[in-house]
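This briefing is for a reader who is meeting the structure for the first time. The points below are grouped by topic.

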Amino acid sequence: MSEFPRFELFYSAIHQGREPFPWQNRLAQLVIEQGWPEEVGVPTGLGKTACIDIAVWSLAMQESNGNRVLPTRMWYVVNRRLLVDTAYTHGEHLALLLAEPERLKDEWPEVKDKHIESVRAVARALKELTPIETKPLHVTRLRGGADLGARAPEPSQPTLLFATVPMFASRWLFRGYGSSTGMRPIDAALAGIDSLVLLDEAHLAERLLDLREPLALCDIGSPEAVLPFERSRPRFVAMTATGSSSHPFLLNGEDYEHPVIRKRLAACKPVELFTTTKQSLSKDLAGKAYELLQDGNRSSCIVFVNTPRRAREVWREIKRLSRSGRVLLVTGRMRDREADAVRAELLDSEMGAPAGRTFKDVNEDLLWVVATQTLEVGADLDFDALVTETAGVRALIQRLGRCNRLGERPDARVAVFHAPDLKQPLYGEEPIKAWDQLQKAKMQGKVQLGPEAIAGVLGVPEDDVGSRYEVLPSLVWEWVKTSCPPRDEAPVDAYFAPDEPNDGRVSVCWRAYRPSMEIRLVPSVRGSETVDVPIGEIREFLNAKATTSIWRLATDRVALEECQVSDLRPGDILVLATTDGGYDDYGWNPDATEEVLDVSLLTSDVFPLAPEAILHLATSDELKRLIKTVEGEDEDVPDEKFNISWIEEFRAALLSATRNPLVVEDEWNAFLDKRGLHIVRPIESVPILTSARLPRFQPALVRADALEQLSFDATSVELSAHLGSVGEIASQVGRALGLNSDLVDALGQAGKWHDLGKADQRFQQWLDPRGDRAILRAKSGQNWFRTEAALRTSGWPRGGRHEALSGQLVQVLIDQGNWTFDKDLVLHLVLSHHGHGRPLVPGVTDLLGEQVALKVNGAVHTVEVNLSTIDWGQPARFRRLCERYGYWGLALLEAIVRQADHVASGAVVA
């Protein structure tokens with residue numbers, strides 16, 4: 001076997017010939033030999049995001065060498081949504097190269113064979129970690145909304161997950177924002193065990209770090225009974241230039257001698273200091289920013305402010321002052337559509353301010369950017385000038401990192417403004433102390449704040465993260481009981497949010513068509529169309545509109561539910577009408593009253609043929625006529641009768657209609673260019689225009705009770721084959737993760753038995769109304785939009801849980817067999833394979849019950865099963881298993897079986 005490629009070769013390959021810094025090589029070697037340090041204390045602008053590359057390479061190298069102890073999943077967590085997106089872009093590119101190493105030839109003409117082979121070697125090693133035939137590295141992103149499948153597809157798959165702090169922390173605490181109730185245990189496992197957490201700019205998430213010890217102490221069991229010690233708890237690595245660890249990983253003499261590092265650390269950043277007032281602050285910031293670009297030596301300026309409200313004030317003032325040039329506003333409260341447009345402009349090598357761009361001195365190209373904290377960290381931007389109001393020491397250090405970042409701007413200038421009468425609750429008293437330090441260092445009205453001098457001038461940060469709430473064992477126990485949460489449980493955001501808990505976030509989206517309650521929302525909500533807003537601010541916005549009730553996405557992430565403004569909770573997904581306002585080209589704006597574009601209609605493959613949706617995008621008399629035609633069509637008439645002609649008429653009408661001015665031309669052309677469309681008619685919903693490319697399994701369009709129990713594919717699959725497949729996949733994943741043989745046996749047996757309850761003839765009737773009853777089915781052979789009618793005629797009680805019947809049958813098998821596996825564990829894994837059983841599977845009224853034939857030790861037994869029967873022993877069984885395997889260890893065992901079921905079914909689950 002050839003020697004595994006060195007990190008520097010792999011890094012050079014994926015970065016098109018650029019060599020890593022000495023510290024990056026040294027960290028990669030340290031990770032292999034000793035594991036990750038607690039803190040990577042490297043100054044901003046020196047490539048801390050290379051830790052992502054190190055994590056992937058080191059996992060592959062350990063697997064190749066046969067001494068793997070590093071975690072399977074690698075989280076990159078940063079408390080800025082736009083920065084999550086930037087890092088995610090790099091992760092996607094890395095995954096693409098690993099899947100297709102030959103792409104390097106197209107991207108980098110000078111590539112050598114050794115570079116391609118280094119990427120291929122890492123890809124081979126990663127694929128050895130999972131038994132599932134898949135790509136080497138799975139990459140996903142979590143930063144608000146309800147993206148389907150935004151998780152590792154199964155626990156042994158090497159995965160990069162990019163997330164904001166709330167998205168990671170809520171999952172760790174069994175209350176995943178954006179997760180359906182049933183999927184919370186899986187998401188808790190994927191966060192809380194066998195995970196490396198690269199916490200970028202960790203000073204923004206001190207409360208998250210503080211959770212490590214108390215959560216371990218509150219766990220009543222031992223996850224080491226499942227995985228080795230090194231992988232039994234999440235491993236956190238704080239990445240920050242302003243850390244406080246007693247043993248950080250730092251630059252050394254070799255780094256300081258590196259010409260690029262030396263140049264960046266010595267970057268010239270002269271600072272002017274100005275005193276102002278709260279009332280004059282916005283105008284003074286804008287005026288100075290305008291002034292700094294009036295000589296020909298500087299062409300770009302960034303203005304940092306501490307609140308979105310002030311950002312808009314400064315933005316408006318600069319636009320008033322400037323008669324040429326561009327003025328951009330960047331906050332963390334933007335949808336992907338608008339954020340992508342601003343990000344593309346910022347990173348454009350000609351018109352933006354990316355690090356490494358060629359200096360331009362053309363006045364016509366002047367660029368001002370007004371930003372909140374969202375651009376403080378991680379953004380690889382380099383401005384000629386910077387203006388900021390006072391903030392905490394860490395924030396000031398990070399902000400200075402966006403000006404003359406590479407040390408190539410000799411005329412760089414910085415201005416800091418302080419308003420003594422302005423209270424800044426976000427930073428406490430620290431801005432005042434920082435201002436005093438700057439005044440002491442002032443010489444001739446200026447201070448030099450280059451990377452080498454800034455720490456000595458500003459001193460040690462004195463962070464105030466607010467009150468810390470004590471994590472108690474009883475609280476964690478309530479969170480773990482995901483299927484029966486208490487009505488007034490403690491909100492998890494109180495334990496990790498940087499501010500007070502009433503500053504938790506909700507995700508907000510805007511829809512033109514909102515169906516009535518309990519009817520599926522079409523299209524499903526995606527994170528790309530949402531914006532995260534502080535809960536207090538959204539309540540203020542709704543109260544100002546005199547809104548007495550609002551619509552939010554229900555916990556099943558399928559339908560809408562009505563609630564009061566006071567009922568909103570952090571992590572909720574609020575669905576506003578497009579006419580409600582609250583958004584403009586630069587993001588969330590509670591003062592905006594104009595119509596908001598429903599971006600889901602343009603980007604989804606599912607389009608509701610409702611008047612509100614169609615007329616939101618375009619309007620004409622012909623479109624109104626066509627709407628009436630499709631609304632009046634009898635649902636029993638085959639779709640093919642007018643499908644093709646209606647769609648062609650619809651497309652022609654759109655071409656001649658008056659387009660919504662909010663839709664740009666490229667979006668409109670892409671929308672009109674969709675092909676392979678056809679009409680489907682869900683029961684209890686408007687007709688839907690959908691793409692022929694879609695499989696029959698569409699979780700976003702199936703009522704919750706059907707989604708949890710039915711699987712959809714092009715053809716029905718026999719139950720016996722499905723059970724065997726799930727059992728085998730679960731066993732293989734368990735072995736790949738390094739579980740002991742007893743656990744692997746239990747996983748395999750649970751997989752083979754998990755769907756026995758589907759043998760109930762009523763459930764078979766629901767699955768396949770016209771099927772052959774001699775053949776038991778595991779999946780539905782019908783179209784997803786016919787499930788409601790099939791349920792009504794099947795006799796299966798609404799809300800009945802087939803896993804409850806599986807549990808009754810498995811109990812008979814266990815009682816009559818001589819098994820060596822953990823019987824409690826197998827029964828629990830069967831009962832919990834749709835997220836219930838933590839600690840109870842609910843019962844429903846079942847007046848008839850059913851008889852199921854069960855083969856035991858070669859003999860056929862008839863077993864009476866009934867959905868009314870509740871297994872009251874399950875709560876105690878669940879507690880015993882938590883005491884045996886730990887909260888997150890048990891959740892991982894559940895995830896293995898449940899995701900094996902998903903893999904076998906070809907399903908993507910919310």
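R884 forms a salt bridge with D824, and the closest N and O atoms are 4.0 Å apart. R884 lies in helix 33 (residues 874–885) and D824 in helix 32 (residues 823–831), so the pair ties together parts that are 60 residues apart in sequence. The model is a predicted one, and these values are computed from it.

**Salt bridges**

- R337 counts as partly exposed, at 23% relative accessibility.

- R335 is found in the loop between strand 9 (326–330) and helix 15.
- With a relative accessible area of 2%, R335 is buried, because buried means under 20%.
- Apart from neighbours within four places in sequence, R335 is in contact with W510, S528, E529, T530, Y583, V596, L597 and V599.

**Strand 14 and its partners**

- Strand 14 (residues 505–511) is largely enclosed by the rest of the structure, because six of its seven residues are buried.
- Strand 14 pairs with strand 15 (residues 531–534) in the antiparallel sense, over four bridges. In this pairing V506 has V533 of strand 15 as its bridge partner.
- Strand 14 runs parallel to strand 18 (residues 573–577), and five bridges join the two. Opposite S507 stands I573 of strand 18.

- Three strands form an open sheet in the order 21-25-24, with antiparallel pairing.
- Strand 21 (606–608) and strand 24 (677–680) stand at the edges, and each has a single partner strand, so one side of each is left without a neighbour in the sheet.
- On average, neighbouring strands of this sheet are turned by 25 degrees against each other, direction ignored.
- Strand 21 and strand 25 (residues 688–691) are paired over three antiparallel bridges, and P608 stands opposite I688 in strand 25.
- Helix 24 (residues 643–656) lies across strand 24 and strand 25 and runs at about 115 degrees to strand 24.

**Nonpolar cores**

- The largest nonpolar core has 105 residues, and F168, L208 and L739 are those with the most contacts inside it. Helix 34 (residues 887–905) gives the largest share of this core, ten residues.
- L208 is in contact with V165, F168, A169, W172, L199 and F236, leaving aside its neighbours within four places in sequence.
- A second, separate core has 80 residues, among them L273, A391, Y427 and C563.

**Confidence of the prediction**

- The chain has a mean pLDDT of 86, and 89% of its residues reach 70 or more.
- Confidence is highest in helix 32, at a mean of 98, and lowest in helix 26 (residues 704–709), at 43.
- The pLDDT is below 50 over residues 634–639, a stretch that has six contacts in the model beyond near neighbours in sequence.
- Over residues 712–716 the pLDDT is also below 50, and this stretch has 19 contacts beyond near neighbours in sequence.

Technical notes
Residues are numbered from 1 along each chain as its sequence is written. This is a predicted model: local features need pLDDT of at least 70, side-chain atom pairs count only at pLDDT 80 or more; totals for chains, interfaces and linings use all residues. Side-chain values use heavy atoms; hydrogens and water are left out. Buried means under 20% relative accessible area, exposed over 50%, partly exposed in between (1.4 Å probe, protein chains only). A salt bridge is a side-chain nitrogen of Lys or Arg within 4 Å of a carboxyl oxygen of Asp or Glu. Contact means heavy atoms within 4.5 Å. pLDDT is the predictor's confidence in each residue, from 0 to 100. Two strands pair if DSSP finds at least two bridges between them. A nonpolar core is a set of buried Ala, Val, Leu, Ile, Met, Phe, Trp, Tyr and Cys residues joined through side-chain atoms within 4.5 Å. Axes are lines fitted to C-alpha atoms, for helices over the stretch in contact, and angles run from 0 to 180 degrees between N-to-C directions.
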